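Dear colleague,

Please find the structure below, handed over for your own work. My notes on what was found in it follow directly after.

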Amino acid sequence: MNRFFTRKMTLSLALALSLTLVAASLALAAVWTDKADYSPGETVTIYGDNSDGAAFLPGESVLVSVIGPNDYTASCEAVADENGAWSCQVTLWSDERAVGEYAYTAIGQTSGVSQSGTFTDAINISATDGSTCSSNIESVISGTPICAKATGLGNNASGKIEWWAPGASTATRTTYFSNVNGNTTDTFTPTDCGTWTLNVYKPISTFQGSDTFEVTGCDTTPPLITYTISGTLGNDGWYTSDVTLSWTVTDPESSFTTEDCDEVTITSDTPGTTFTCTATSAGGTSTASVTIKRDATAPTITLDSRSPAPNSYGWNNSDVTVTWTCSDALSGAVADTVSQTVSSEGKNQSVTGTCTDNAGNSASDTQTGINIDKTSPTLNPSVSPDPVILNGSATASPNASDSLSGIDTASCDPVDTSSVGKEKSVNCYASDKAGNSATASAKYWVIYAPAGTLCLGAPGHQVLQPINTDGSSIFKQKSTVPVKFRVCDANGVSIGTPGVVASFKLITIAEGSGEEITEDPVSTTPDTAFRWSATDQQWIFNLSTKNLNANKTYTYRITLNDGTEIEFSFGLK
């Protein structure tokens, strides 16, 4: 049992005794003190009168006896006036022994009227409103300021006020006071929920009283911090524009304070800047951090090579690969090089390379003037004149064309007319400005000088006398008919090279041969083939008619090795 409770029980017994005395008095009278509660060392004024209709006699002596805690006794004596009113005073002890309940009894010495009353000398501690320290409270919301008010301390009092949190083993807060008169206060903001206890001591080591109050609505969690980032988000966590960072702090349970939580705008490139927001409430402290990387600068793209390089005309005849070098000082280039290949044919083509950094920025470069021609020139060669006379002059033309890069060179080999033939050919060449080349051959025909051309003063390329060219010659049957002809080159030289006659044959026989023989045989030398007469510079064949029939017209064909023919006819009689 604490000391205060012991005092209270002792004083209650004294009060009961006083009430017994009152019941025994002859009449009732009013008694009271100037205050209900006093501080140690104060003077107590006790009053009495006949306001209740009792009869304190005028002029009689009234004796007042006072008993209190710690065996305190005191008395005072007063004389009633003509109305039965009186007053007297006692002084309380000036230390903590005075604290407690007091009972007093006033007895009229003549009338025998007896009346009692009580007062206290108590130190009170109470929880009051934190803003006024006046209105008592029983409960508050966590985080609300509370004023602890101690009264009844007496003059020049010293001691302490303790704040005890729920379940605490030591005082949460201790405030000392000294040299105060009557009252003192202490303000504190409790946060822990539950029943708090206020204790007051006077002096420091002597407990005088306590009070309790409830704290509700405690904050058990720290503030919630979120952030919002506004900007263009590229790749790999990089922002490619200005970035605005804003924080949102919420705590529905209590108020909070923040640090470094202002909105910020990042306008410069950074490899990574960390921002931190800290918020503290009754529930604790939260911290949130975010690292922002900004790269809004495009990478650098530089032409590295064009392969293969164009020729002196600015043309290529194969695919062209263009390569660029990429670099980026901050987020880094995705690739050190990029390349594009142009494979299509065309003039003044262009190709674009694009470098990209890891943030998603890009830069491009376009290369123009790419000329590609993969197609060889077209050749349509020809020889003029065609046919050409043996050992004559002829020119071969390549007749080259190229629709894209154009012809660079075109030529043909010399036309060979030194021998006759129908399937002669000459090679022609062409190259375009891209370096493509082509070869083609032109066929031509080398012949002997045609009929009607004089050959050693006589017509060449036709049958000679004694055979008329018009077929009017008539020979005697069984005679030998000399068949003669010359062929010349372009220079009028009669050609006696072996092989001039490729074939000789009878091709038609017609009925009738004319009225009479008109031709005499020139030679009767029998021959089986044409032979060259170096003396006459002509070809001759002695044609026997022994096996031929009279009254017929015979037509023969001499085929020369140049592919031309000499035909003649004669009749037999």
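Glutamine 349 lies in strand β27 (residues 346–356); helices (H or I, at least four residues) and strands (E, at least two) are DSSP runs, numbered from the N terminus. Please note that this is a predicted model, in which local features need pLDDT of at least 70 and side-chain atom pairs count only at pLDDT 80 or more, while totals for chains, interfaces and linings use all residues. Residues are numbered from 1 along each chain as its sequence is written, and side-chain values use heavy atoms, with hydrogens and water left out.

Glutamine 349 counts as buried because its relative accessibility is 15%; buried means under 20% relative accessible area, exposed over 50%, and partly exposed in between (1.4 Å probe, protein chains only). Its side chain reaches the backbone oxygen of glycine 346 at 3.3 Å. Beyond the neighbours within four places in sequence, the contacts of glutamine 349 include Val342, Gln367, Thr368 and Ile370, where contact means heavy atoms within 4.5 Å.

As to the chain as a whole, its secondary structure comes to one helix and 46 strands. The C-alpha atoms fill a box of roughly 225 × 45 × 40 Å along the principal axes. The protein chain has a radius of gyration of 74 Å, whereas a compact globule of 573 residues would have one near 25 Å (taken over C-alpha atoms; the globule rule is 2.2 Å times the number of residues to the power 0.38). Of the 573 residues, 42% count as buried. Among contacts between residues at least 6 apart in sequence, 60% join residues at least 24 apart.

Four bridges join β19 to β21 (residues 270–281) in the antiparallel sense, and threonine 258 has alanine 279 in β21 as its bridge partner.

Towards the end of these notes I turn to strand β46 (residues 565–572), which is largely enclosed by the rest of the structure because six of its eight residues are buried. On the one hand, β46 runs parallel to strand β40 (residues 473–475), to which three bridges join it; isoleucine 474 has glycine 571 in β46 as its bridge partner. On the other hand, β46 pairs with strand β45 (residues 552–560) in the antiparallel sense over eight bridges, with lysine 552 opposite leucine 572. β45 and β46 form a hairpin with four residues between them, and glycine 563 in the turn has a positive phi of about 95°.

The salt bridges number 10, each being a side-chain nitrogen of Lys or Arg within 4 Å of a carboxyl oxygen of Asp or Glu. Arginine 557 forms one with glutamate 565, the closest N and O atoms being 3.5 Å apart, and one with glutamate 567 at 2.8 Å, N to O. The latter pair links strand β46, which holds glutamate 567, to strand β45, which holds arginine 557, 10 residues apart. Arginine 557 is partly exposed at 23% relative accessible area, as is glutamate 567 at 42%. A further salt bridge, 3.9 Å from N to O, joins glutamate 423 and lysine 443, and both residues are exposed.

Yours sincerely

How values were computed:
Pairing = 2+ DSSP bridges. Polar contact = N/O pair within 3.5 Å; in protein donor to acceptor, adjacent residues only side chain to side chain.
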